[in-house]
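Hi everyone, thanks for coming along. I'd like to walk you through a structure that may be new to you, so please have the viewer open.

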Amino acid sequence: MASAPVITVDGPSGAGKGTISHLLAEELGWHFLDSGALYRVTGQACVIEGVSWEDHDAVTRVARHLDVRFSAADSGEILVAYKGQDVSRAIRTEEGGRGASTVAAIPAVRQALLARQREFLRPPGLVADGRDMGTVVFPDAPLKIFLTASAEERARRRFDQLLAKGESVSLPRLLEDIEERDARDSQRTVAPLLPAKDAVVIDSTATPVAEVFAAVMREVAAKGLK
């Protein structure tokens, strides 16, 4: 794990982790890990294989043998395939998020995917986006960022994203889903969602993306990582 530097970006769904992490990886020329995608693919793989998310043993077997491939489209979009089947769109739905949160609460699943996540760390460096990147997966990371935002703001952001895609959505239902997921993620017994003790906590509720990114880059510079 010391083969290259790593910056972890943790936080709840909708706090802006993905956007900031992508910008950071692009700015530094580092590799990028969307750890949530691995849990989303696990959840979707269970759907494809007819495995109930509540069957912990069966879900763990799926995670241990997860045949997943990531690739980049010409547009820059990250494509995700399970057993050669494109699941990029399916894993980004609200149902995909529920599946990810549900299977991520299974300790054996988290253990099964731990080594897979650490394999992403290679020179020149890695930006790791997730919920336990700084607390469990890369506890020795020289810089740990924890992004947060109010549940109401995160629901609004998701509402706007889905509307832009032409999907019919309910803001109250999105808020309910986010609050339920926050509860699952923060109350699970293994790797609960919380900032690492040495994490830099940034609240993005009322802060534009450019300002959040600038704040993160100041931390990067302060650590001598750029």
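I'll start with the sheet, then turn to the helices, and finish with a few single residues. Please keep in mind that this is a predicted model.

Let's begin with the sheet. In what order do the strands of the open sheet come? The five strands run β2-β6-β1-β7-β8, and their pairing is parallel. At the edges sit β2, residues 31–34, and β8, and each of these pairs on one side only. From one strand to the next, the twist averages 20°.

Now find β1, residues 6–10. Five of the five residues of β1 are buried, so the rest of the structure largely encloses this strand. In a regular strand, side chains alternate between the two faces of the sheet.

What does β1 pair with? On one hand there is β6, joined to β1 by five bridges and running parallel. Thr8 has Ala128 in β6 as its bridge partner. On the other hand there is β7, which is also parallel to β1 and is joined to it by four bridges. If you'd like to find that pairing on screen, Ile7 stands opposite Leu143 of β7, and Asp10 stands opposite Phe146 of β7.

Let's step across to β7 itself, residues 143–148. Five of its six residues are buried, so β7 too is largely enclosed by the rest of the structure. β7 also pairs with β8, residues 200–203, in the parallel sense and over four bridges. There, Thr148 has Asp203 of β8 as its bridge partner. Look next for helix α9, residues 209–222: this helix lies across β1, β7 and β8, and runs at about 160° to β7.

On to the helices, and to α4 in particular. The buried residues are Gly96, Gly97, Gly99, Ala100, Ser101, Thr102, Val103 and Ala104. What do they pack against?

Two packed helices are described by the angle between their axes and the distance between the axes. For α2 and α4, the axes come within 7 Å and cross at roughly 100°. Angles of 65 to 115 degrees count as roughly perpendicular, and therefore α2 and α4 are roughly perpendicular to each other. From α2, the contact uses Tyr39, Arg40, Thr42 and Gly43, while α4 brings Gly96, Gly97, Gly99, Ala100, Val103 and Ala104. Sorted by class, this contact of α2 with α4 has four nonpolar, five polar and one charged residues.

Asp34 lies in strand β2. With a relative accessible area of 19%, Asp34 is buried, because buried means under 20%. Which side chain makes a polar contact with that of Asp34? It is the side chain of Arg92, at 2.6 Å. Beyond its neighbours within four places in sequence, Asp34 is in contact with Arg92 and Asp129.

The other one is Asp182, in helix α8. Asp182 is buried, with a relative accessible area of 19%. Its side chain makes a polar contact of 2.6 Å with the side chain of Arg154. Setting aside neighbours within four places in sequence, Asp182 is in contact with Pro12 and Arg154.

Finally, two spots in the backbone. In general, most residues other than glycine have a negative phi, and most peptide bonds are trans. Where is there a cis peptide bond? One joins Pro123 and Pro124, with omega about 5°. Pro124 is in the loop between α5 and β6. Then there is Lys83, which is not a glycine and yet has a positive phi of about 50°. Lys83 sits in the loop between β4 (78–82) and β5 (85–86), and is exposed, with a relative accessible area of 51%.

Conventions: Residues are numbered from 1 along each chain as its sequence is written. This is a predicted model: local features need pLDDT of at least 70, side-chain atom pairs count only at pLDDT 80 or more; totals for chains, interfaces and linings use all residues. Side-chain values use heavy atoms; hydrogens and water are left out. Buried means under 20% relative accessible area, exposed over 50%, partly exposed in between (1.4 Å probe, protein chains only). Helices (H or I, at least four residues) and strands (E, at least two) are DSSP runs, numbered from the N terminus. Two strands pair if DSSP finds at least two bridges between them. Axes are lines fitted to C-alpha atoms, for helices over the stretch in contact, and angles run from 0 to 180 degrees between N-to-C directions. Angles under 35 degrees count as roughly parallel, over 145 as roughly antiparallel, 65 to 115 as roughly perpendicular and the rest as oblique. Contact means heavy atoms within 4.5 Å. Ala, Val, Leu, Ile, Met, Phe, Trp, Tyr, Cys and Pro count as nonpolar, Asp, Glu, Lys and Arg as charged, and the others, Gly among them, as polar. A polar contact is a pair of N or O atoms within 3.5 Å; within protein, one must be able to donate a hydrogen and the other to accept it, and residues adjacent in sequence count only if both atoms are side-chain atoms.
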